[in-house]
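Please look over the structure below before reading on, and keep it at hand while you follow the report.

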Amino acid sequence: MGRPGLNRRQLLTTMGGLTVAGSFGFAALGTGADALASGADTRVRYWNLFSGGDGYNMIAMLDSFRKDNPGIEVKDSTLQWGSPFYTKLAMAAAGNRAPDLGVMHLGRVTGFSPGRLLDPWDVELLAEYGVKEADFNPELWKRAVVDGRLYALPLDIHVQLCFYRKDVLKKAGLLGADGRIVPVTSVDTWFDVLKEAKAAAGKDLQTIGMWSADQNFQWWFFVAFYTQLGGTWFDDANTEVTFDTDKATQVLEFLRRHITDGYANPDFAGGAGAEQFVNGGPFVWEGNWSVPVFDGAGIDYGAIPLPPVFGRQATHAESHAFVLPHQSGRGGAADEGAHRLAAYIVRHARQWAAGGHIPAHTPTLSTAAYRKLDPQNEYVSAMDHQATEPKVWFAGSTGILAQRVGPVVVSSTMGSARPDAAARAMKSTLTQLLASKNPMDGRTAAQGGAAA
């Protein structure tokens, strides 16, 4: 790829020293050099970060693949979600001990030094296995491309949603003839809806759970509503900060108002919002991964993308995507098996949709089986209105951007900082991050890979 290699020692140094290697047990990860145990012709080593319901769905999909492809043995390993997973994956790629296939959040791909720690996909080989660019939302595919090459194969998008209790909203006169929440297109309309819902609930429950003190959720909500206002982050060259503090202040004031007007209880821990919702609270803002939880609770509910209170549809979205961690000798049967496996799962994502995620493979979205899924069919439009973090090395799920800016959003929502002051602090942080270097390759955002 024309870029110098990054060995494991250099990577450990940039990530804080050799204590990282010990704490994450790199040696225990294995090299995959052991002989095939099943008698299959090919082994594909696959690392993922899926636990809980997602884990069960992924296992079911892998079992289907094994049944349909008996000549390929899949050796799958589930690692801890978050920073530990990305550290292990980076160290394995730098030390030439990477698996054949991995999973990443799409927002983290740019920061993972594509061409150095990630290998590009062979799009012609993917096409042979039934997956092609035309099968994906154009913007989603574009996010997976760096320097003109595909470095991630999207599996889904997962979005932040507004869940609502149909029984409460029906009592408040807030359901339309279709049995869904009435349209909300402005800040004033939204707070009118909250007022009516609170009166109809008639219980000592908070009107809306919104993870008021959680830096990740508050950041995700901010990204959604800031995008609704048309807010930008950096110029196209990633050399200047274009963050609009006036628009940011509007969003921060909006989030804060849920507490000051008495609709969200700041004393409740994050997960209590879902509990309150199950017990009769009218609303909760949660990720689509909560769909199985609310289905299991047996309540009558709906779910829509975060309301377009600033006049434009946009809800925060991330994406699970398949990647090829760097191998110095990538190619051959294992690499072809990795392409076949990823393409198979992407094309058979109906099982994955049961966990609430929106499949990235658009032909799946048009099937009768998917259209019958409820409430998935109510929020599938989020695919066309994704609010994503900027495409820079420090962004993405559990990334540095969320770690640095998320607490600032919380300080405003919870009332320890004025919204306008918080907006200025956010811009200052963005300026610092834009000038900083990616520890993976020593490049600033302006020096990194270009978008498609």
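The report that follows goes through charged pairs, a surface patch, a pair of strands and some backbone details.

This is a predicted model, in which local features need pLDDT of at least 70 and side-chain atom pairs count only at pLDDT 80 or more, while totals for chains, interfaces and linings use all residues. Residues are numbered from 1 along each chain as its sequence is written, and side-chain values use heavy atoms, with hydrogens and water left out.

**Salt bridges**

Side chains of opposite charge can pair when their charged atoms come close. A salt bridge is counted here when a side-chain nitrogen of Lys or Arg lies within 4 Å of a carboxyl oxygen of Asp or Glu, and by this rule the count comes to 11 salt bridges.

| Salt bridge | N to O distance |
|---|---|
| Asp63 and Arg66 | 3.0 Å |
| Lys132 and Asp135 | 3.5 Å |
| Asp420 and Arg424 | 3.9 Å |

Helices (H or I, at least four residues) and strands (E, at least two) are DSSP runs, numbered from the N terminus. Asp420 and Arg424 both belong to helix α19 (residues 419-435), where they are 4 residues apart, about one turn of the helix. Salt bridges that share partners also join Asp63, Arg66 and Asp76 into one network.

**A negative patch**

Which residues form a negative surface patch? The patch is made by Asp122, Glu124, Glu128 and Glu336. Patches are built from residues with over 30% relative accessible area and no salt bridge, with like charges joined within 9 Å and nonpolar side chains (Val, Leu, Ile, Met, Phe, Trp, Tyr) within 5 Å. Asp122 is found in the loop between β4 (118-119) and α5 (123-128), and it is partly exposed because its relative accessibility is 37%.

**An enclosed strand**

Strand β11 (residues 301-305) is largely enclosed by the rest of the structure, because 5 of its 5 residues are buried. Two strands pair if DSSP finds at least two bridges between them, and β11 pairs with strand β8 (residues 156-165) in the antiparallel sense over 5 bridges. Within this pairing, Pro305 of β11 is the bridge partner of Leu161.

**Backbone details**

Asp374 and Pro375 are joined by a cis peptide bond, with omega about 10 degrees, and Pro375 sits in the loop between α16 (368-371) and α17 (376-379).

Asn96 is not a glycine, yet its phi is positive, at about 60 degrees. Asn96 belongs to the loop between α4 (83-94) and β3 (102-105), and it counts as partly exposed because its relative accessible area is 45%. Trp211 likewise has a positive phi, near 50 degrees, in a residue other than glycine. Trp211 lies in the loop between β9 (208-209) and α9 (215-228), and it is buried because its relative accessibility is 19%.

Notes:
Accessible areas come from the Shrake-Rupley method with a 1.4 Å probe; for residues, only the protein chains shown count as cover. Lys and Arg count as positive and Asp and Glu as negative; His and the chain ends are not counted. The place of a charge is taken as NZ of Lys, CZ of Arg, CG of Asp or CD of Glu. Buried means under 20% relative accessible area, exposed over 50%, partly exposed in between (1.4 Å probe, protein chains only).
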